[in-house]
Protein chains: 2
Amino acid sequence: MTTQNIWFQTSVTRLTDPQNQRVWSLIVSLFGDLAQQPGDRISGGALTRIIQPMGIKPEAMRVALHRLRKDGWIESTRSGRASVHFLTDFGRAQSAKVTPRIYNRAPEIPKDWHILIAEDGPGIHTLDDLLLAENYISIGRTVALGSGPLPKNCDDLVAFEATARSVPDWLKTRLCPPDLILACKDLRDAAKSVTQNRPQDAHPTAWEIAALRTLLIHRWRRVVLRHPGLPRAFFPSGWAGPDCRFEVFRLLDTLSFPTLDALNKLD
Amino acid sequence: MTTQNIWFQTSVTRLTDPQNQRVWSLIVSLFGDLAQQPGDRISGGALTRIIQPMGIKPEAMRVALHRLRKDGWIESTRSGRASVHFLTDFGRAQSAKVTPRIYNRAPEIPKDWHILIAEDGPGIHTLDDLLLAENYISIGRTVALGSGPLPKNCDDLVAFEATARSVPDWLKTRLCPPDLILACKDLRDAAKSVTQNRPQDAHPTAWEIAALRTLLIHRWRRVVLRHPGLPRAFFPSGWAGPDCRFEVFRLLDTLSFPTLDALNKLD
């Protein structure tokens, strides 16, 4: 094995999410990163080359693709003797919805926050709808925190412009539970180690780059989408969010986006 | 009956609270208004002269005084052949606590509000304690609204500086229920009518003045202490709070505080 091969294999191990290696979810991350545009297609051969080094068996990949087709995320077709896969409109829409949050390397923390308070009882439904559909953060059963202008159709909620003055531990822990704090630290350390150990003469293949990007984005997605974009005061001590984001994008910048042509070519 | 007598009797009727004529509570209002200072005493004879025109029988007054002594509000003693009554330290402290709110003719609405949010569960106790002891307004089970600096010992509550943006009807109704709205309007109309119908040459006695003041303050107390000092936006349409306050103090200004000597003198 060359130094590069060792680095690549070690990196795959480092970047593999210890918590979640569900193949269908990994493929969603892969398409979201590499083939999110209309017309983007990835051949079965390319998928195999990207995913196999992660220790995922072809059978597991076929099962995952089957599930994603059944759930309406992915369509598959044939081009000559080769199969090709692409996101459906639904899959693309789902992907596009979270892309801005995943790929934002320097998110601005909103300055204008508001609190919505529901009446105990039937009024709670308006709040529940907002929590599901909009970017609101629940602070207890009847209270939600959000940023920007007040939502429409919330006439039955009390609304206050609000600036945090004191955030107790129970809320910090609710917003960032211990497993999320740990996942964030682990990813930071993993990304940092992959960046630091890369040999100067490493020239990973398009598929290797795609594999590392997929693992990195997949794991980052599961950290970044779980924590709200709140001011620093809301996070527990030991929260490595900003460092983690820094390391994720530092590594991503060294893994230049491979072209689909390069991935799909038969070599 | 003279014009003045008719006016006095009509005024007593107008100012009598249709909801609450509990004698002991009326006596608390009376002492709070006329004899709140240490050393202030009111003779049994004066009490009778003030209270009898309200249609309260001597027996009812004796029962009320007995209860107030038992509850530690009032002490009674004898001075020669006459009995005299005065507030205990406890009674005076209770009275003093609400006096600023009752007699404030132009209360300033605080500008700096904050919201405290408790965790569902044990954390609720901190909030309950604040609601009982401090000037907080409950907005649902886990949320309280207050003004001024944050309270001490509230580390387990989330605190936000807050400015109201939208107040739904359910909260307005909770803060000012229909019976309070009605009580406020009725008192406004009663006070206005007493002022307007006063004959130009009326010279009520010290006891008559004391009776009218007692009835007015007693009823106002039951309106003003029930509604929180919140910005206008929190009150339902039809809320007559400011008008009522205006009429109460307009009338009170025409009922010059009688001296205790004048009340206690034997004539």
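Trainee: Which way do strand β4 and strand β6 of chain A run, and how many bridges join them?

Mentor: This is a predicted model. Strand β4 of chain A covers residues 113-117, and β6(A) covers residues 143-147. One pair to look at is Ile115(A), which stands opposite Leu145(A).

Trainee: Which residue of β7(A) stands opposite Trp113(A)?

Mentor: β4(A) also pairs with strand β7 of chain A, residues 158-166, in the antiparallel sense over five bridges. Within β7(A), the residue opposite Trp113(A) is Ala162(A).

Trainee: Are the two faces of β4(A) covered or uncovered?

Mentor: Buried here means under 20% relative accessible area. On one side, Trp113(A), Ile115(A) and Ile117(A) are buried.

Trainee: In chain B, which residue of β3(B) is the bridge partner of Ile42(B)?

Mentor: Strand β1 of chain B, residues 42-43, pairs with β3(B), residues 82-87, over two antiparallel bridges. The partner of Ile42(B) in β3(B) is His85(B).

Trainee: Which residue takes a positive phi in the hairpin of β2(B) and β3(B)?

Mentor: Strand β2 of chain B, residues 74-79, is joined to β3(B) by six bridges, and the two run antiparallel. Ser79(B) stands opposite Ala82(B), and the hairpin has two residues between its strands. The residue with a positive phi, near 65°, is Gly80(B).

Technical notes: Residues are numbered from 1 along each chain as its sequence is written. Chains are lettered from A and ligands numbered from 1 in the order in which they are written. This is a predicted model: local features need pLDDT of at least 70, side-chain atom pairs count only at pLDDT 80 or more; totals for chains, interfaces and linings use all residues. Side-chain values use heavy atoms; hydrogens and water are left out. Buried means under 20% relative accessible area, exposed over 50%, partly exposed in between (1.4 Å probe, protein chains only). Helices (H or I, at least four residues) and strands (E, at least two) are DSSP runs, numbered from the N terminus. Two strands pair if DSSP finds at least two bridges between them.
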